[in-house]
Amino acid sequence: MSKTMIHLEHIDITFHQKKRVIEAVKDVSIEIKEGDIYGIVGYSGAGKSTLVRVINLLQVPTSGKVTIGDDVTFGDGKVQLAGARLRHKRQKIGMIFQHFNLMAQKTARQNVAFALRHSDLSKEERVKKVEELLELVGLADRADNYPAQLSGGQKQRVAIARALANDPEILISDESTSALDPKTTKQILTLLQDLNRKLGLTIVMITHEMQIVKDICHRVAVMQSGQLIEEGSVLQIFSKPQEPLTQEFIKTATGIDEALIKIEKQDIVKQLPSNSLLVQLKYAGHSTDEPILNDIYKRFEVTANILYGNIEILDNTPVGEMVVVLSGGTGALAAAQDAITSSGIELTVLKRGA
Ligand SMILES: Nc1ncnc2c1ncn2[C@@H]1O[C@H](COP(=O)(O)OP(=O)(O)OP(=O)(O)O)[C@@H](O)[C@H]1O
Ligand SMILES: [Mg+2]
């Protein structure tokens, strides 16, 4: 079992503004293991950024305990690490943002070098380190460009190099791909995944896009109104989301909603025959749905007409969804539904033939 890198226990963060009290984070507990890519999703205002400010030691929680690596950083509403150690700890946590936050008057090289201004390295070592970092993010040939001369993806690469300058153990990404197009987003995600593998970097990904979670995260927490409403492995969350908000987020990443709109327009569905059922099947871990569909034909003479199918591999496990029309005798249809359900496939009847 790998060790815990970030441990948040019962975190509350309350802001007082004039007469208003804002409970930005309410009783959130999260444990993130070393080397994990951990997603935190939620709509705007859910409290995600406020919560990560606790992780990168910029926000003292009103109550609750924060442990980063082996050190308790915050507890009882107070900082628990002495000044110098807190600053050192902070340097070991890199951060990247939506709008890159680069200095416009400095080149890529100078932006990265700036992060080393408090470093113990000699001048030569710093120069070498900056070269290595720019190489690592695939930007060696752009070292002398100013931010204005770089594309969004390239700017984010500079920001990543800068975030890694002090050899952090943790990298926090707060919507770092939100300003990028889908192709550039994929490239940046691939880079983050490489850094996670190569450097053993623990990555916390704040996002409102479930697709990003699906692409690179191992675990995910869903936040709503300051609270953590659901947490689990990406496989668990995608195959068996419990909360309505989580289900809503998942739908945006699977395309099932769009498929259902198209399916509803098909004649076979509009005029569903009386001996038929339109069902949605969801499964995780089976090699495929097809054997069970063959099986119900053989056993009950129920035919399955597949209208939509989608299989994805999450964490080495196939996770699939299908929309099929089952047709057969009344008793046979019921028996077939039972057989499907008892094989571990989740079945939802979308429509019954009139
Ligand atoms: N320093 C502060 N003072 C007062 N209220 C704050 C402060 N920081 C955050 N809040 C409030 O806390 C709540 C959570 O904000 P937060 O920025 O953490 O949300 P978020 O999930 O990151 O949203 P987004 O997706 O838009 O970035 C909001 O209601 C916000 O207005
Ligand atoms: Mg935010």
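1. G45 puts a backbone N or O atom 2.8 Å from an oxygen atom of ligand 1. G47 also uses its backbone, with a polar atom 2.9 Å from a ligand 1 oxygen. S44 works through its side chain: a polar atom there sits 2.5 Å from an oxygen atom of ligand 1. With the ligand taken alone, 640 Å² is exposed, and the protein buries 61% of that (Shrake-Rupley areas, 1.4 Å probe).

2. A caveat before going on: this is a predicted model, where local features need pLDDT of at least 70, side-chain atom pairs count only at pLDDT 80 or more, and totals for chains, interfaces and linings use all residues. Residues are numbered from 1 along each chain as written, chains are lettered from A and ligands numbered from 1 in written order, and side-chain values use heavy atoms without hydrogens or water.

3. Now the shell around ligand 1 (a heavy atom within 4 Å). Its residues include F15, Q17, I22, A24 and Y43, plus the run from S44 to T50. By type, five are nonpolar, six polar and one charged, with Gly counted as polar.

4. On to the domains, whose bounds come from an automatic or database assignment. Domain 1 comes in two segments, 4–92 and 168–253, while domain 2 covers 255–352. Their centres, over C-alpha atoms, are 37 Å apart.

5. Where do they touch? Seven residues of domain 1 contact nine of domain 2 (heavy atoms within 4.5 Å). Together the domains bury about 830 Å², 60% of it on carbon and sulfur atoms (accessible area lost on being put together, 1.4 Å probe, summed over both). On the domain 1 side, K214, L235 and K251 lose the most area, together 56% of what that side buries.

How values were computed. A polar contact is a pair of N or O atoms within 3.5 Å; within protein, one must be able to donate a hydrogen and the other to accept it, and residues adjacent in sequence count only if both atoms are side-chain atoms. Buried area is the accessible area (1.4 Å probe) that two parts lose on being put together, summed over both.
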